[in-house]
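I opened my notebook to record what I looked up in this structure. The entries follow in the order I made them.

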Amino acid sequence: MVIDWLPSVLIVVLLALGVIGALRRVSLWRAGQPEKVNLIAGLLAMPGRYLKDLHHVVERDKYMSRTHVATGGGFVLSMVLVLIVHVFNVEQQIVAWALIGALLIMLTGAFFVFKRRLNPPERLSKGPWMRLPKSLIIYSLTFIILTLPAAGILPDASGSVLMIAVLSVGIVIGLGELLFGMGWGGPMKHAFAGALHLAFHRRSERFGGGRSTGLKPVNLDGDVLGVSKPSDFKWNQLLGFDACVQCGKCQAMCPAFAAGQPLNPKKLIQDMVVGLAGGTDANYAGSPYPGKEVGNAKGGPNEIITAGLVSQETLWSCTTCRACVEECPMMIEHVDAIVDMRRFLTMEKGETPNKGSEVLENIIATDNPGGYAPGSRTNWAADQNLAVMKEKKEADVLFWVSDGAFDMRSQRILRAFVKLMKHANVDVAILGDEERDSGDVARRLGDDATFQSLAQRNLATLGQYKFKKIVTTDPHAYHCLRNEYADFDKEGALEGVEVLHHTTFLNQLVQSGALKLDAFKGGKVTYHDPCYLGRYNGEYEAPRELLRSLGIEIAEMERSGFRSRCCGGGGGAPITDIPGERRIADMRMEDASTTGAELVAVGCQQCTAMLEGVVEPRPVVKDISEILVDQLAEEVH
Amino acid sequence: MPHKVISLISVGRHPQSGRSRRADQDSRAVELGLKLAGTDLDVVHAGSSQEPVLRQYAGMGLPKVTVLEQDESADALVSIADYLKSEKADIVLTGVRAESGESSGMTPYILSEQLGWPIVARVADIVEIKGDEAQVLLALPRGQRRQVTVKLPFIASIDNAAEAARQSAFGPGLRAKMDSQNGSTVEDSVRVDWSEAPAKARPKRLKIVKAKTAADRFKAATAKPQGGSGKVMKNESAQEQAQAIFDLLIEEKVIR
Ligand code: SF4
Ligand code: SF4
């Protein structure tokens, strides 16, 4: 036949175009800042990361995980075989059969993608993504027919000119989407960028079940602090943005989005893609930032992000709860990006909104966000008879009190915890007035300079004393001490020290029998997972075990554990206070009320403050240590 | 022709922690200066260019800070007066009183005396500069304002009622240039002999509030004590004046 050669030529041409597009895409990522990754090791680890880590997340949606395995696996396999059969013309029937098999698997997968797209949930982006299942089906059908002769089912050269012409159109549509689209920013870009993102992820510790949640330090000697333009991101952050499949799982989990604040993590990542590639968001076909129209955002790799691409309120709406990161099947790091951009606003522009500037100034001048006299930090403990490290020098446990020391409500938690420790005869001491704010709020508000200074000064103090454990009732301080101070701990002040949240520590005391508790006789109890304890540190069990040891059967909220909804208090959000339609704390309290609970157990002073701020009637809010202290078994003498 | 504005800055002290910081009124003087002159504002400090607090001021968006290098024991007034004489300034902005050092509040007055310029005390805002005149808003107690017209050049001390200083950004503060010039070497001979001690709280005049309504109580709480029964004694002899003061102290039970 005259045009028998057409399919093979088309395949090669599309492949070549795809490769050119891909190279161009790579050059876009390379506009970012250098960041060291082990390229070879990353590439070698990539398949494993895809199969284990990525699928671990996708697996939460069984339908989608099977569909994706069939479609993706079928495609990769068929693509290799297509090259063997149709480009290199290997004439082995068995290979052709294998190809048809792979295509059938893919066709089945594509069918299910199609089905999901018939009535897509709001979180999914539409636009080109609606076209994708059709293209996938066309691709598999086209190549099945094209391969039939090679498999010996149809006689060779049976294709008429018309037939070949039709199939060629199929190739252009199907393979065009898959190969050309992959390189040139179509929906299939996710496969190419996603694979490389897995290979060169900035937090490779996350693979293999690890956790990596501490923010990365800013180099304070840099020319620009934080991220002002897309090209200020690390190159592999840009690559990560490009891996987004617009599945909207992050959006569905985002408390700020649900509260109607102008933030949608999916749109934010897509805006970053607009920024790195240059252009506008006119083609974005997903949900907008609440209250903001799509189509007005413009950006480029070297244009200031907050001057037209993303508004400042969007960045300040985030509570840094990490729900989006936890949910993202592509393991994209939204929080890193948001804080990077906040750093620019705070450290370069001095534009932290609302109370932000005042709080930061207080922290700088008094080491606490309220601007209280540093010498009054230990006033809460005047009647607690607590040993102070300055005199004691050495103790088993260092109790990190945190800024709750200045707040009367939080002091109740502190006192309860002290009473429990005394009951269990724990050898404990505090830093007293030598303690400083952990730097959590300053860091989340983008002031890494102040965070670093606090971390260094706290570490210098800690380094003077001997202790085996640091225990704190504040998950934010816990996170800083455990995950973020290591970057500054040159002298090894925390080396070999176990950093624990008080629920973990109390649970150890209860399980070892050092604390004896009576059964709890109140009503129904639910437990709210603090973001900085759960998602940031993976501690979901200890608080629950503690409650169970009181005989409490926890009435779990629908969103609990790693899917817990934020109380709205993290990331400095109550300080920057970006208006929305609802309050996040109200929504969380509604979650709690729905369980019928009369008591919400929490493990964080900030959560306590936020949830107690909800108007009554509502369940009572208590820290776990407050619940335990009421159940201390009377000692029989 | 744009007017030349100079803001004088000093090292402040946080009231709670006693730690160095940008002084509240001085940073308001910088804020007002930025409003009037933008980044052409000349911000001047007499002291050490190594002083970290200067970076906090610079973080307000100042490309440079002029530092009149001098020892801590040297008299800042001499440095500043010399500098102001050499620069053709139109408006000099200072705080009402420094948060550290002598904190006497005399700096603007002595400068005005030495330069022979008028001084406008407790300024809330400078609304407009037209030709060689400025419309100035003075801050009076209880949120009241008085508008005055002042001829350039003049010195203004900035009240706490003026626009609060903008946030200080770390990066620009770090990168700002410290433009060092030679300051004075004249020793502040009065101050060397002083020793510093923490201030004791001054006794407050007790207010007997006889308010019946919430509105009255609010007024009583917000009003500055005004001791309406005071009288001005100009023509009496020193003896009589002293006696009057003595009687008052007994009446107020300050001495028994
Ligand atoms: S960022 Fe992740 S979770 Fe959000 S839409 Fe993209 S792929 Fe989905
Ligand atoms: S961290 Fe939480 S608030 Fe911020 S974008 Fe993600 S889900 Fe939304």
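**Entry 1: two helix pairs in chain A**

I began with helix H21 (residues 502-511) of chain A and helix H22 (residues 541-549) of chain A, which pack at an angle of about 40° with their axes 8 Å apart. H21(A) and H22(A) are therefore oblique to each other. Their crossing, H21(A) over H22(A), is left-handed. From H21(A), the contact takes in Thr503(A), Thr504(A), Leu506(A), Asn507(A), Val510(A) and Gln511(A). From H22(A), I listed Ala542(A), Pro543(A), Glu545(A), Leu546(A) and Ser549(A). I sorted the residues of this H21(A) and H22(A) contact by class: 5 nonpolar, 5 polar and 1 charged. I note here that the model is predicted.

Next I took up Thr503(A), which is found in helix H21 of chain A. Is Thr503(A) buried or exposed? Thr503(A) is buried, and its relative accessible area is 0%. I left aside its neighbours within four places in sequence and found Thr503(A) in contact with Leu533(A), Ala542(A), Pro543(A), Leu546(A) and Ile624(A).

For a second pair I looked up helix H17 (residues 408-423) of chain A and helix H25 (residues 605-612) of chain A. They pack at an angle of about 130°, with axes 10 Å apart. That makes H17(A) oblique to H25(A). The crossing of H17(A) and H25(A) is right-handed. Here Arg409(A), Ser410(A) and Ile413(A) in H17(A) meet Gln605(A), Thr608(A) and Glu612(A) in H25(A). By class, the contact of H17(A) with H25(A) has 1 nonpolar, 3 polar and 2 charged residues.

**Entry 2: ligand shells**

Which residues come nearest to ligand 1? Of the 13 residues around ligand 1, I noted Cys244(A), Cys247(A), Gly248(A), Cys250(A) and Cys328(A) as the nearest. The shell around ligand 1 divides into 8 nonpolar, 3 polar and 2 charged residues.

I then listed the residues around ligand 2. They are Cys254(A), Pro255(A), Leu263(A), Pro265(A), Cys318(A), Thr319(A), Thr320(A), Cys321(A), Arg322(A), Ala323(A), Cys324(A) and Val335(A). I counted the classes in the ligand 2 shell as 9 nonpolar, 2 polar and 1 charged.

**Entry 3: buried positions in chain A**

I looked up Ser135(A) in helix H5 (residues 128-147) of chain A. Ser135(A) is buried, with a relative accessible area of 4%. Leaving aside neighbours within four places in sequence, Ser135(A) is in contact with Ile173(A), Gly174(A) and Glu177(A). I also took the C-alpha separation of Ser135(A) and Gln511(A): 58 Å, for two residues 376 apart along the chain.

His476(A) came next, in helix H20 (residues 475-484) of chain A. His476(A) is buried at a relative accessible area of 9%. Beyond its neighbours within four places in sequence, His476(A) is in contact with Asp440(A), Tyr532(A), Gly570(A), Cys604(A) and Gln606(A).

How many residues of helix H7 (residues 189-199) of chain A are buried? H7(A) is mostly covered, with 9 of its 11 residues buried. Among them are Lys189(A), His190(A), Phe192(A) and His197(A).

**Entry 4: backbone checks**

Most residues other than glycine have a negative phi, and most peptide bonds are trans. I looked for departures from that.

Asp367(A) is not a glycine, yet it has a positive phi of about 65°. I placed Asp367(A) in the loop between helix H15 (356-366) and strand S3 (387-388) of chain A. Asp367(A) counts as buried, at 5% relative accessibility.

Ser402(A) is not a glycine either, and has a positive phi of about 70°. Ser402(A) sits in the loop between strand S4 (394-400) and H17 of chain A. Ser402(A) is buried, with a relative accessible area of 3%.

The peptide bond from Glu616(A) to Pro617(A) is cis, with omega near 0°. Pro617(A) is in the loop between H25 and strand S10 (620-623) of chain A. In chain B, a cis peptide bond joins Leu152(B) and Pro153(B), with omega about -10°. I found Pro153(B) in the loop between strand S9 (145-151) and strand S10 (154-158) of chain B.

**Entry 5: chain B overall**

Chain B has 8 helices and 11 strands. Its C-alpha trace spans about 60 × 45 × 40 Å along the principal axes of chain B. Of the 256 residues in chain B, 36% are buried. I also checked contacts in chain B between residues at least 6 apart in sequence: 66% join residues at least 24 apart.

Key:
Residues are numbered from 1 along each chain as its sequence is written. Chains are lettered from A and ligands numbered from 1 in the order in which they are written. This is a predicted model: local features need pLDDT of at least 70, side-chain atom pairs count only at pLDDT 80 or more; totals for chains, interfaces and linings use all residues. Side-chain values use heavy atoms; hydrogens and water are left out. A residue is near a molecule or strand if one of its heavy atoms lies within 4 Å of it. Ala, Val, Leu, Ile, Met, Phe, Trp, Tyr, Cys and Pro count as nonpolar, Asp, Glu, Lys and Arg as charged, and the others, Gly among them, as polar. Axes are lines fitted to C-alpha atoms, for helices over the stretch in contact, and angles run from 0 to 180 degrees between N-to-C directions. Helices (H or I, at least four residues) and strands (E, at least two) are DSSP runs, numbered from the N terminus. Angles under 35 degrees count as roughly parallel, over 145 as roughly antiparallel, 65 to 115 as roughly perpendicular and the rest as oblique. A crossing is left-handed if the near helix is turned anticlockwise from the far one by less than a right angle, and right-handed if clockwise. Contact means heavy atoms within 4.5 Å. Buried means under 20% relative accessible area, exposed over 50%, partly exposed in between (1.4 Å probe, protein chains only).
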